[in-house]
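Let's take a walk through this structure together.

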Amino acid sequence: MLRLRCGDIKIMEKERGRIMSKKLISLADCCVAFDGELVLDHINLYFNDSEFLTLLGPSGCGKTTTLRIIGGFLTPTSGEVLFDGVRINDIPPNQRQVNTVFQRYALFPHLNVFENVAFGLRVPKTETVEGRKKKVKIPEEEIRQRVLEMLEVVSLKGFENRRITELSGGQQQRVAIARALVNRPKVLLLDEPLGALDLRLRKDMQSELKRIQQQLGITFIYVTHDQEEALAMSDTIVVMDQGRIQQIGTPEDIYNEPKNAFVADFIGESNILDGVMHEDFVVEFFNRKFKCLDKGFGPMEPVDVVIRPEDVDIVPPEKGQLRGTVTSVTFKGVHYDTIVDFKGFKWLIQTTDYHPEGETIGIILNPDDIHIMHKSEYSGMFGDYSSYSEEYDELEDVSLLEEDGEGGDEE
Amino acid sequence: MKNKRALFAVPYVGWMTLFVVVPIIMVVIYAFATAEGGVTLENFSSMGTYASVFTRSFWLALLATLICLLIGYPAAYFISREGPRFQRLAMMLIMLPMWMNFLLRTYSWMSVLENNGLLNQLFRNIGLISLYNGIAGLFGRAPVDHFQMIGTPGAVVLGMVYNYLPFMILPIYSVIEKMDRSLLEAAQDLGAGSARVFRKVILPLSLPGVLSGVTMVFVPSVSTFAISRLLGGGTQMMLGDLIEQQFLGGAYNPHLGAAISLVMMVIVVVCMVVMNHFGEGEEQAVML
Ligand SMILES: Nc1ncnc2c1ncn2[C@@H]1O[C@H](COP(=O)(O)OP(=O)(O)O)[C@@H](O)[C@H]1O
Ligand SMILES: [Mg+2]
């Protein structure tokens, strides 16, 4: 109980901090339609200075489209894009103080590493000198120094003369980051930059990126469909689905207080059950009343109840608030994924103790293990682990495919 | 397993040997042989007489290639930037003339360019020729009743450009069309305006297409004989005509013909190698 209260205060502090720091970019009521089909649906979002913000959502939810609006490659069908409070809808990408790390890197194959990174620096900048516009070129010596410096930041010192085709996926990825960062943008957009890397390299690059972001103090707008990645790296997470923002918050916020069944299911594993809120702090499900920490719901309001698999305490059957039968157990290293049948509804429980298939167990739910959400269009779509084994196989296939892509980083 | 797969290659290897390697060997043998069967270099040394034909062939082919490039590159570039429906239509229109017989197309140009042809009739009817005569009269020039177009180098170059332009457009178009759009976006993202994006990204990346286009226009141009005969009116003899004469014409001398073919082939190959070298092995250009 105490634990969550502390968490609450922390979240509030973080949230207040977010509001108080400087808004750099805002999307005001942005919609994007392709051939009449709404791909972004009234997006309202702001990005703070020096913030690591992640757009998280399943493939096809509109993350790339959102980035393209900010980068200037796409003009929203309606709504405004503001940079430092100035409308930039019609400013072309080459005049925005934003740089992008593209989903497939988009490195120039005809240039070597040095020239790729130097590309942006070699573009003459228009500057107003004594009231007159002048094209200013960065001196070659400075270009050289900045490129080499940046290559060092991304740990690619000594690779200047390599051809792009001679680099591994991870190295190409870092060239793409260096190429963008060397221009000292105010904002860096990253579109699933680690998607093509294998698991180990992905983890390394995650902390690397976080380090670079903190070192340079630049706003990162990061796109991923990987919830673990989002939780690990972000100051703020924006969960999206079907072109709509589902929730905005800190990683703790999003994990502990998901706003609807979609967020609860997408961020980690969740058991989601139908319940009824009797009064403040009392919820009923499985014909039993439980104490909880949520309030402000209507009397007898139907709600979604979220219970995280790791929060459930297993006890002997006679001591439990609920009794169920174990139907499957999978060893996952740190814990066992245990599927338990409660009156036909199957839960996922993660426990370090082994309970064999067929065993009857009891469970205890503490008030801070129970999270209440309003009903939404996603209610009933997620959170039942009856089809768990298939879901598990599917996930495994996906990760296998992803890790197939690159041979890894040799150094 | 490996042997089995090699088996599939047999027909192709056989075909290539029979119709590519053997003929080339025959050309080489002929070029170094006399009619009596002896070995000689005379076929090559006697070629000096035809230096002007060599020069003209390469000069006109070069000109035609250059003009094709100047027309073809922008055409390919702008087509590739349009919508898919326009692209399909444009490609069809570009290929349409190729569905007609090559000789027929060239004959039609004859009737357009002739002294009494369509163009001259048009010029006459709109008074262009009278106008010219009026002005020429002031400078004491004799009046003309037509503009001389057929039989000029210009007509030959026009015929080459007309016939081979699609071979320039198609490879350039397909390279630009397949170019990764995100590369252009990346360049823009890094601050490059459209002119710079073109110069620094599109142009260098489309060079392989340019090289194949140049090859595919230059090689048939330099060896053409129908175009130069029909549109050159017999005054613009090119290597193709010269070689043809040695085999089919009055100047029957297959040994000299083979020698000229060989020299031409060597020069073309050297040109291509040099050009490909310029492209710096940037993706392999198509060698014909
Ligand atoms: N140029 C386009 N034309 C038509 N539909 C598009 C285009 N770009 C994206 N879409 C559609 O918009 C939706 C969102 O795409 P995207 O933003 O790329 O998703 P994400 O990056 O989250 O996977 C998808 O359904 C996609 O099919
Ligand atoms: Mg995407």
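Start with Phe285(A) and Phe290(A), which are both buried (under 20% relative accessible area, with a 1.4 Å probe and protein chains only). This is a predicted model, in which local features need pLDDT of at least 70 and side-chain atom pairs count only at pLDDT 80 or more, while totals for chains, interfaces and linings use all residues. Residues are numbered from 1 along each chain as its sequence is written, chains are lettered from A in the order in which they are written, and side-chain values use heavy atoms, leaving out hydrogens and water.

The two rings of Phe285(A) and Phe290(A) form a stacked aromatic pair, 4.3 Å centre to centre with 10 degrees between the planes. Rings of Phe, Tyr and Trp (its six-membered ring) pair if their centres lie within 6.5 Å, and planes under 30 degrees apart count as stacked, over 60 as edge-to-face and the rest as tilted. Both residues belong to one aromatic cluster, together with Phe286(A), Phe342(A), Phe345(A) and Trp347(A).

Now turn to where the chains meet. The contact (heavy atoms within 4.5 Å) takes 22 residues from chain A and 17 residues from chain B. Across this interface there is 1 salt bridge, a side-chain nitrogen of Lys or Arg within 4 Å of a carboxyl oxygen of Asp or Glu. Its partners are Arg68(A) and Glu185(B), at 2.9 Å from N to O.

How values were computed
Buried means under 20% relative accessible area, exposed over 50%, partly exposed in between (1.4 Å probe, protein chains only).
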